[in-house]
Amino acid sequence: MRDILPPESARWRRFVAEFADVVGPAGYGQVITPLLEDLGVFTRIGDATDVVTKEMYDFIDKGERHIALRPELTAGVCRAFAQHRPATPWKVWYAGSNFRYEKPQRGRYRQFDQVGIEVLGVDDPYLDVEVISLGWEFYRRLGLQQVTLLINSLGEPEDRARYVAALDTYFGAHIDALSEQSVETLARNPLRVLDSKRAQDAEVIAGAPQIADYLSTAAAEHFAAVLAGLERVGIAFTVDPLLVRGLDYYRRTTFEFRGDTLDSAQNALGGGGRYDGLVEDLGGPATAGIGFAIGVDRTLLACEDEGVFVAPPPVVQVFVVDTVGGLEALALTTELRSAGVSADRAYEGRSMKSQMKSADRSGASFAVIIGSDELAADQVVIRPMRGGGDQFSLPRAQTLGRLVQLCDESGSHTVSPNATKDRSSS
Ligand code: HAM
C-alpha cells in the first residue's frame with residue numbers, strides 16, 4: 001500500500017475529474033458504494049479466481065459477520081442495484097480504492113484505485129460499443145497514444161461450459177508440457193490457464209481450442225454487432241481469442257485496454273465486459289450488465305512513460321509578504337481566499353529576503369508586501385513576479401479588489417485547475 005503525496009495527489013484528483021467529464025455528459029451518474037461488503041457479495045465474482053480464493057482481505061466483524069474489503073467495484077454496484085431496484089437503464093460511474101492481497105510490484109499494489117462505469121438493464125450490442133468507446137475516449141483525453149484494445153467473446157454460460165470442457169480435455173492431454181502452476185490452475189479452472197504468461201506454457205496455449213468455435217449463434221451475432229459498431233465509430237481493436245480476464249462473472253463481450261509501454265505482467269490499464277447474471281446471483285431480477293474499470297495507479301504510470309498528463313506544478317496567484325508580525329498577512333490571505341483567489345504566505349516572522357524567496361518558489365503572479373512603512377501609511381506594495389511591470393503602492397482598502405482584477409486579467413493559475421475553470425465560467 002502506498003502514500004500518495006502532493007503534487008502527485010493533485011494529478012490523481014484531476015484524473016478522476018477528467019473521467020467524470022467524459023462519462024457524465026454520456027448520461028452516467030456517480031454511485032458511491034461501501035469499501036466493505038458481506039463476503040458473499042464477492043464470492044459471486046468466482047470461487048475459481050485468485051481474487052476470491054487468495055487475495056481477499058476478509059475478517060469477522062464485531063457482529064460476527066464475515067466481511068471483506070472490496071477487491072473491485074462491480075459486485076458492490078450490482079448488490080446496490082439488487083437492493084434499490086432503480087429504473088433501467090441504470091448508468092453509473094465510480095471512483096475508489098480496492099484491496100487485493102497480491103505480490104506488490106510496479107503497477108501492482110495491495111490497495112489500488114479504479115475509475116469505471118457500469119450499465120444495468122440493457123442487452124443491446126451497441127451499448128457494449130458505447131461503454132468501450134467511453135474508455136477509449138478517456139485514454140485519448142489523457143493524451144495516451146500507446147493503448148491497444150483487445151476484445152473477445154466468452155459466449156453464453158452454456159457456450160462457455162462447453163469450451164471449458166474442451167479446454168480441460170486438451171490441457172489434460174498436454175499436462176506434461178505445462179508449468180507446475182498451470183497444472184494447479186487447470187484443476188481449479190481450465191479457462192485461467194489461458195492467462196498464463198509463463199514461457200513454458202506458451203506453446204500448449206497456442207494450440208488450445210478457441211472460444212470462437214464454441215459460440216452459439218446468438219452470442220456470435222452479438223459479438224459481430226459489437227465489432228461492426230467499433231468499426232463504425234473508428235475504434236481500432238484486436239480480437240484476442242485468449243482474452244478470458246481474471247474474474248468469473250463475464251459472459252459474451254470481454255475487453256481489455258493494454259498499455260504498450262508497460263511490462264507484460266502489468267500492462268492491463270483497464271478491462272471489463274458483460275456480466276449478465278450477476279445481479280440475479282446477488283438476489284435481484286435477471287438483468288443484463290456491462291462495464292469496465294480502469295486502474296488509476298497503472299494508467300498514471302503509462303502516462304509517465306509517454307510523458308503525458310503531467311501534474312501542473314502547484315501554483316498560487318498571490319503571495320503575501322508581511323514583515324510586521326504576520327497579522328496583516330493573516331487578514332489579507334483570508335480575504336483573498338474568500339474572494340476565490342489562491343493565496344499563500346510565510347510564517348514565524350521570517351526576514352524580508354527569506355519571504356521573497358518563498359514568494360518566488362510559490363510560483364505566485366503577484367507578491368503583496370507589507371512592511372513597517374506600508375503599515376504606517378495604511379498601504380501595501382504590489383510586485384508583479386512574472387515580468388508583469390513595476391511594483392506600485394496602493395491603499396490597503398483597495399488591495400483586495402485590485403488583486404482580484406489583476407489575477408483575472410493575468411489569467412494566473414490557481415492551485416486547482418478546476419478552480420480556475422469554475423471562476424472563469426461563473
Ligand atoms: P480487473 O481487470 O480485475 O477488472 O481490474 C481492472 C483494472 O484495475 C486492471 O486492468 C488494472 O489496471 C487495475 N488493477 C487490478 N488489480 C490491480 C492491482 N493489484 N494494482 C494496481 N492496479 C490493479 C475489474 O476489477 C472489474 N470489476 C472490471 C469490470 C467492471 N468489469 C465489468 N465492469
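This is a predicted model: local features need pLDDT of at least 70, side-chain atom pairs count only at pLDDT 80 or more; totals for chains, interfaces and linings use all residues.
The secondary structure of the protein consists of 17 helices and 16 strands. Its radius of gyration is 28 Å, whereas the globule rule gives 22 Å for 426 residues; the former is well over the latter, so the protein is more spread out than a compact globule. The extents of the C-alpha trace along the principal axes are about 90 × 45 × 40 Å.

Burial and surface may be considered next. Of the 426 residues, 51% count as buried, that is, they have under 20% relative accessible area. The protein exposes about 19,800 Å², and 51% of this area is supplied by carbon and sulfur atoms. The side chains include 44 positive and 59 negative ones, and 5 Å separates the centres of the two sets. As for contacts between residues at least 6 apart in sequence, 70% join residues at least 24 apart.

Attention now turns to the sheet. Strands of a sheet pair through backbone hydrogen bonds, in either a parallel or an antiparallel sense. Here, 8 strands form an open sheet with mixed pairing, and their order is E1-E5-E6-E11-E10-E9-E7-E8. Its edges are strand E1 (29-30) and strand E8 (238-239), each of which pairs on one side only.

Strand E10, residues 268-274, and strand E11, residues 289-295, pair in the antiparallel sense over 5 bridges. In this pairing, Gly273 stands opposite Gly291 in E11.

Key
Residues are numbered from 1 along each chain as its sequence is written. Side-chain values use heavy atoms; hydrogens and water are left out. Helices (H or I, at least four residues) and strands (E, at least two) are DSSP runs, numbered from the N terminus. The radius of gyration is taken over C-alpha atoms; the globule rule is 2.2 Å times the number of residues to the power 0.38. Buried means under 20% relative accessible area, exposed over 50%, partly exposed in between (1.4 Å probe, protein chains only). Contact means heavy atoms within 4.5 Å. Accessible areas come from the Shrake-Rupley method with a 1.4 Å probe; for residues, only the protein chains shown count as cover. Lys and Arg count as positive and Asp and Glu as negative; His and the chain ends are not counted. The place of a charge is taken as NZ of Lys, CZ of Arg, CG of Asp or CD of Glu. Two strands pair if DSSP finds at least two bridges between them.
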